[in-house]
Amino acid sequence: MTAVARRRREYGGRFKYALLLPAVIWVIAFTFLPVLSVIRYSFANYVLGEGVTGYVGFANYLDVLTSDQFWHSIAVTAIYVAITVPVETILGFIAAWLVNLGAPGSRGFRTIIGAPLFTLEVAIGYLGVTMFSSQGGVVAVALSAIGIDVPWMSTPEGGLAAAILLDIWRWTSFIFLIVLAALSSIPSDLYDAAILDAKSHWQVMWRLGIPLAWPVASIAILLRTIEGLKVFAIPFALTTGGPGTSTQTFSAMDYLTTIQFFDFGKGSAMGVAFLIIVSAIITVFFRQMRKRLD
Amino acid sequence: MINVLWLRSSLLSRAIVYLLLIAAAVFTLIPFLWAMVNSIKTSTDTFQPGAVIPFVNFQPTLDSWREVLSDPQATNAFISSVVVSLGTTIFALILGVPAAYALARFRFPIGGADITLWFLSQRVLPPAVVLVPFYLLLVNLGLIDTWTGLIFCYSTFNLAFAVVIMRDIFRDVSSEIEDAAKVEGATPWQVFWKISLPLSMDGLVVTSVLIFAFSWNEALFASALTSQSATTFAALVLASRSTRGVDFNVASVNTLIGIVPPVILYFFVQRYLARGLSFGAVKG
C-alpha cells in the first residue's frame, strides 16, 4: 500500500461507513431478505388467503423442472437474448461510430437515434400489433412489397421475430448512447496517429474505435444481457405469449403463474430455478467486469 | 466536433456515411410516424390496408386523443408516473451517490470492485421472482397501491445504476483538488458535498435521467403492486388489454404521450450524456 492510500484509509474512518452502509442495508433489506423468502416459498404450499399451509419439499421444483412450459419459456428467452444483444451491440456501435464522425447534422441524428430509449415498452408492444398486422400494418406491408411475407402475428416464429425487431428498435439506442459517449471522449490526436498507420477508414474503426470503446461497451452489453434475460413488456404486450404460450418469455410465464394464478409456491420455485441458470451465465460476465472495475 | 476522419474522407465515403445515418434515422422514426398516423385513425381504419396518408387515404379524427386526454384515470396515472419516477430518482441518488463516493475514494476490507458487483448482482434477479415477497412486504407495511411503495421498490432496482455509474464518475474527479481542500482543513463531509459532488454534476444528471427513464418504463411491478390510486401510466397502458381489449388508436396516443416527459428530460441533458455515460472508462 502506498503512503497516499494509507493516509486515505485513515482519513476515511467512520465517515466512509456512514456513506456506504445505508445503501448496503437497503439492498439487504429489500433484495436479500425477499430472496430468502422466495426460497422459503419455493418449498411451501401456498394458498391464497391462508398463506403457507405446509412444506412440500422439492415438489414445486419437480413440477417446474418437468414442465415443458418452463423449458420452453427458457428457450424463448435464450433465443431472444442471443439475437437481440449482439444485433443491438453491432448496430449501436456502428451508429455511434458514424455519428461520432461529426458530419454536419450529426446532432440531429444523435437526437433521433437515441430517442427510442425513452419510449414506453408496453406502448411500443401494442403499437407493434398494428405495425406487424397483415391488414395494413406498415412493416408487414412494406416487407411484403419487397417479397418478404412473414405471418408475423399468427405463428410463434413470426411473433417472436416481431418482438425481437421491436426490442432491437427500442434498445439499440441504449448501446448507441453509451458507445457514443465512449467514442467522443477519445482525444483527437489518437485519430491522427491511427490514420497514419491505417489503410482504410474500416481499419481505424477496427484498431482504434473498438478497443477503446470496448471497456464501456462491455458494461453496456452486460446490462443489456441482464435486462434481456428478464424481458417482459415488449413480447408480452405484443403477443401475450401467444399463439398459445409459444412466445412466452420466462418473466411473462412467472408473472402469470404468480400474479394471475396466485401459485406463489410454484412461481417461487420457477424463479429460483431460473436464477440458478442465469447466475451461471452472469458469473462469467462478472469475472470479466471485475478486472474493469479495479 | 468534427472528427479528423471525416475531414480526410472522400466524397464517396461521406455519401455512404450519410446514407447509413439516414437509414438509421428512418428506421428509428417509422414507429413514431406510425403512432402519429394511427392516433388520428378510427378503429375501422386501423386495420385497413392503404390507409396511410391522412385526408387522402382516410378521414382523420381526434377522438382517440380526446378519449385519453379527458380520461381522469389516464391523467391520474400520468401524475403517478411523474411522482414515482421523480421520487425514485431522488431516493435512489440519496442512497446510491454517497455509497458510490465511498467506494471510489476509500478502501474497505472487501474490495471496492466486489462491493460494486454485489450492488449490480441484485439487478440479475428476475422481476417476477421478487414480485411475491415485495407484494407481501408492501401488504405488511400498508404500502400496497401507494406511491411510496412503488418508490421503495424502484429505488431498490435502480440503486445499482447509481452506484456503478457514479463510482466511475467520482474516480475521475482529481484527488489533488480534494487533497488541497483537506490541507485547508475541510472535513470529509465538506470535501464530498462541496467539492466532489459539484464537480460530478454532469454524471449526476445523466444518472438521474437513466433512473427516471427506467422507472417511467416499468410496467410489471407497477401493475402488480398497484390497483387504482397509484397506478402508473405504463401499468395503465399494460392493463388496457384486459379491461376492454386493446384499442390500438388509444395505444398510439399513449405511445406518444408516454414519451413526452422522459424526452423533455433527454433534450435538456443531451450535452451531459457524453461524459456521464462513458462510465469514465476512456480517459483523454
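The following questions and answers concern a predicted model of two chains, A and B.

Local features require pLDDT of at least 70 and side-chain atom pairs count only at pLDDT 80 or more, while totals for chains, interfaces and linings use all residues. Residues are numbered from 1 along each chain as its sequence is written, chains are lettered from A and ligands numbered from 1 in the order in which they are written, and side-chain values use heavy atoms, with hydrogens and water left out.

Q: What makes up the secondary structure of chain A, and in which pattern along the sequence?
A: Helices are DSSP runs of H or I with at least four residues, and strands are runs of E with at least two, numbered from the N terminus. On that basis chain A has twelve helices and two strands, in the pattern α-β-β-α-α-α-α-α-α-α-α-α-α-α. The C-alpha trace of chain A spans about 70 × 70 × 25 Å along its principal axes.

Q: How many helices and strands does chain B have?
A: Chain B comes to 14 helices and zero strands. From the N terminus, its elements read α-α-α-α-α-α-α-α-α-α-α-α-α-α. Its C-alpha atoms fill a box of roughly 75 × 65 × 30 Å, taken along the principal axes.

Q: Why are α7(A) and α9(A) called oblique to each other?
A: Axes are lines fitted to C-alpha atoms, for helices over the stretch in contact, and angles between N-to-C directions run from 0 to 180 degrees. Angles under 35 degrees count as roughly parallel, over 145 as roughly antiparallel, 65 to 115 as roughly perpendicular and the rest as oblique. Helix α7 (residues 156–184) and helix α9 (residues 201–229) of chain A pack at about 140°, with their axes 9 Å apart. The pair α7(A) and α9(A) is therefore oblique.

Q: Which residues make the contact of α7(A) with α9(A), and how do they divide by class?
A: Contact means heavy atoms within 4.5 Å. Among the residues involved are A:W171, A:F174 and A:I178 of α7(A) and A:A213, A:V216 and A:L223 of α9(A). Ala, Val, Leu, Ile, Met, Phe, Trp, Tyr, Cys and Pro count as nonpolar, Asp, Glu, Lys and Arg as charged, and the others, Gly among them, as polar. By these classes the contact of α7(A) with α9(A) has twelve nonpolar, one polar and two charged residues.

Q: Why are α4(A) and α7(A) called oblique to each other?
A: The axes of helix α4 (residues 106–114) of chain A and α7(A) come within 8 Å and cross at roughly 140°, and α4(A) and α7(A) are therefore oblique. From α4(A), A:R110, A:I113 and A:G114 meet A:S173, A:F176, A:L177 and A:L180 of α7(A). This contact of α4(A) with α7(A) holds four nonpolar, two polar and one charged.

Q: Which residues of α3(A) and α9(A) meet, and at what angle do these helices pack?
A: Helix α3 (residues 68–100) of chain A packs against α9(A) at an angle of about 145°, with the axes 9 Å apart. Residues that meet include A:V81, A:V85 and A:F93 in α3(A) and A:V204, A:M205 and A:I221 in α9(A). The contact of α3(A) with α9(A) has ten nonpolar, six polar and two charged residues.

Q: What area is buried between the domains of chain A?
A: Domain bounds come from an automatic or database domain assignment, which divides chain A into domain 1 (3–42) and domain 2 (61–293). Their C-alpha centres lie 31 Å apart. Buried area is the accessible area (1.4 Å probe) that two parts lose on being put together, summed over both. Between domains 1 and 2 of chain A this is about 410 Å², of which carbon and sulfur atoms give 71%. A:V38, A:Y41 and A:S42 supply 84% of the area that domain 1 of chain A buries against domain 2 of chain A.

Q: What area do the domains of chain B bury between them?
A: Domain 1 (4–64) and domain 2 (71–276) of chain B bury about 750 Å² between them, 74% of it on carbon and sulfur atoms.
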